[in-house]
Each structure stands twice: as structure tokens, then as C-alpha cells.
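This briefing describes one protein structure for a reader who is new to the subject. Keep the structure in view while reading the points.

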Amino acid sequence: MGWRKSKQIAAEAARNDVHKEEPGPAVADVQAKPLLVVEGVERTFQAGGQPLHVLKGIDMELKPRRLVMLRGRSGSGKTTLLNMIGGLDQPSKGHIFFNDLPFHAMSDDQRTKVRRKDMGFIFQAFALMPLLSAYENVELSLRMAGVPGAEWKPRVEHCLELVGLAKRMHHRPFELSGGEQQRVAIAKAIAHRPSLLLADEPTAELDSQMAAQIMSVFQTIIRTEQVTICMTTHDPTILEVADHVYEMVDGKFI
Ligand SMILES: Nc1ncnc2c1ncn2[C@@H]1O[C@H](COP(=O)(O)OP(=O)(O)O)[C@@H](O)[C@H]1O
Ligand SMILES: [Mg+2]
């Protein structure tokens, strides 16, 4: 607990210090209303007739334009929580507010609408369509989000440039490295301008150099696309670039 708290205080102090003469943006950011609030969330599954308590009372918040990480062993409940934040699953108990919308009380259809419009997802295995080029993969997500056709080309090109793949636009996934495929997946996830990007172990299948590139892309898109990122990881070097780390042990934060 101590090191995280002190790191956070140091980071906020540094931000305030930089903007001492002109307190506008830094102060506004520190005071910003959270994009997502999780309150007392529990999740219980019925496994073989026995209740399995996977999340045991989670409180957290995501402020706009932050890179927040969930760290914890396999089985600690990270994916379960991420699914709940993304509206893919609902808590057994507790509240989740996304942009003031009560996800815990909304129907599947209502949550799906919000998710399609305002969220992007990235998974460990890159989830690209194998027969489509990088360009076509990103375009597909705009098509599915109902973005007008006239906007596709500039937006697809912009997103692929952001992730450093302008020169690989017409390659198919099998012609790209793992790191490049993951960068296409990022372009695809942000193309429809979501406010929240959720990433479940996005660097787990990558070597450390490629993982560092992914983190640098994340930092770029937080700045340029105004997105908030919540990701899971257990890589200590990656945790260093987080604005905040929530450490999960057995369904609880420590
Ligand atoms: N739909 C489900 N039904 C029953 N048990 C589940 C279900 N989803 C997850 N679990 C269990 O919840 C625990 C936490 O899983 P998970 O959230 O995937 O952990 P992590 O992502 O941290 O590895 C595991 O013991 C897993 O087996
Ligand atoms: Mg997981």
C-alpha cells in the first residue's frame, strides 16, 4: 500500500509543480470526475452446486486520461472484474457506474449499446480477422460501430499511423509480427473513439521490447485520443508506467 500511495503523491506533486504558474490543466485533471466508479462489487459463480466467491468487495475508480493497471496472480479475479467494467457481466452485489450510467441495473442490450459506442477491447491474443489486411480490420470496426462510410478512410489511416503502422496498412495479420498485430488490434479498438479502453493482458504474448512499444502506444493514445486505459498485467517493468496500480489478491484489492 505504502509505495503506491507515495508514488501517487509524488506523481501528483510533480504534475502540480510543472504547472505551478498556470494551474489550469493539472488541477482540472486531479479534480476530474471519474469516468468509471466501482463500489462494493462482488461476483459469485455457481460451480458444481457450490458458490464460488470470485470478487469479494471491490472499490475503484478510473479518472479520465489515466493508465490504470490491475495486477494479480492467475485466478485472482482480474478478468472477471474487467468483464464487469466492460458491461459484459454484472455484479452479484454492488454498483458500477460508467459515465453516471448504472451498469449494475441495466439490461444486457442497454449495456451493449453503451459498450459499442464508448468502449474498446484488447485481448491477449490479438483477435484480428486473418483474411483481412490491417486496414480492413480497422475499417471493419468502424463499419460495425455505424460510423458513416465517408469517415472511414481518414480515420483508419489516422489510427494506423498512431500505432506506427502506416507502412504496414495492407499487410495481413500473418505477415506481421506479434507486436505489430497487437498494434493493429489497438488501432481497431480505438477507431470509433471510445472513452474507455480495456485490455486484458495485452502484452502477455510479447517479448519485452514489443511490450514496451505497446505501452508507448498506450501513452500516446491517452494524450492524443483522450482515452482512459484499464489493463491487467503481472509484468513488473510494465507496471512502472502506470498512473495507478490496483493489486488484486484472491478477489480483493490489497
Ligand atoms: N463463468 C465462471 N464460472 C465459474 N467460475 C468462474 C467463471 N469465470 C471465472 N471463474 C473463476 O473465477 C476465478 C477468477 O478468474 P479470472 O477472473 O479469470 O482470474 P484472472 O483473470 O485473474 O486470472 C477463477 O477461479 C475462475 O475459475
Ligand atoms: Mg485473466
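**Two helices in contact**

Gly178, Gly179, Gln182, Arg183, Ile186 and Ile190 in α7 meet Met210, Gln213, Ile214, Val217, Ile221 and Glu225 in α8. By class, the residues of this contact of α7 with α8 are six nonpolar, four polar and two charged. The model is a predicted one.

- Helix α7 covers residues 178-190 and helix α8 covers residues 208-225; the two pack at an angle of about 20°, and their axes are 10 Å apart.
- Angles under 35 degrees count as roughly parallel, and α7 and α8 are therefore roughly parallel to each other.
- The crossing of α7 and α8 is right-handed.

**The four-stranded sheet**

- Strands of a sheet pair through backbone hydrogen bonds, in either a parallel or an antiparallel way.
- One open sheet has four strands in the order β2-β1-β4-β5, and their pairing is antiparallel.
- At the edges of this sheet are β2 and β5 (101-102), each of which pairs on one side only.
- β1 and β4 (residues 93-98) run antiparallel and are joined by five bridges.
- Across from Lys93 in β4 stands Glu42.
- Helix α3 packs on this sheet and touches β1, β2 and β4; the direction of α3 makes about 120° with that of β1.

**The six-stranded sheet**

- Another open sheet has six strands, in the order β6-β7-β8-β3-β9-β10, and its pairing is mixed.
- β6 (119-122) and β10 (252-253) are at the edges with a single partner strand each, so one side of each has no neighbour in the sheet.
- β3 (residues 67-71) and β9 (residues 244-249) pair in the parallel sense, over four bridges.
- Opposite Val245 in β9 stands Met69.
- Helix α7 lies across β6 and β7 (196-200), and runs at about 165° to β6.

- Which residues are around ligand 1? They are Phe45, Ala47, Leu52, Val54, Gly72, Ser74, Gly75, Ser76, Gly77, Lys78, Thr79 and Thr80.
- This shell divides into four nonpolar residues, seven polar and one charged.
- β1 (36-47), β2 (50-62) and α3 (78-85) each supply at least two residues of the shell.
- Which element gives the most to the shell around ligand 1? Helix α3 does, with three residues.

Technical notes
Residues numbered from 1 in each chain as written. Chains lettered and ligands numbered in written order. Predicted model: local features only at pLDDT ≥ 70, side-chain atom pairs only at ≥ 80, totals over all residues. Near = placed C-beta within 6 Å. Nonpolar A, V, L, I, M, F, W, Y, C, P; charged D, E, K, R; others polar. Axes fitted to C-alpha atoms, helices over the stretch in contact; angles between N-to-C directions. Parallel < 35°, antiparallel > 145°, perpendicular 65-115°, else oblique. Left-handed = near helix turned anticlockwise from the far one by under 90°. Contact = placed C-beta atoms within 7 Å. Pairing = 2+ DSSP bridges.
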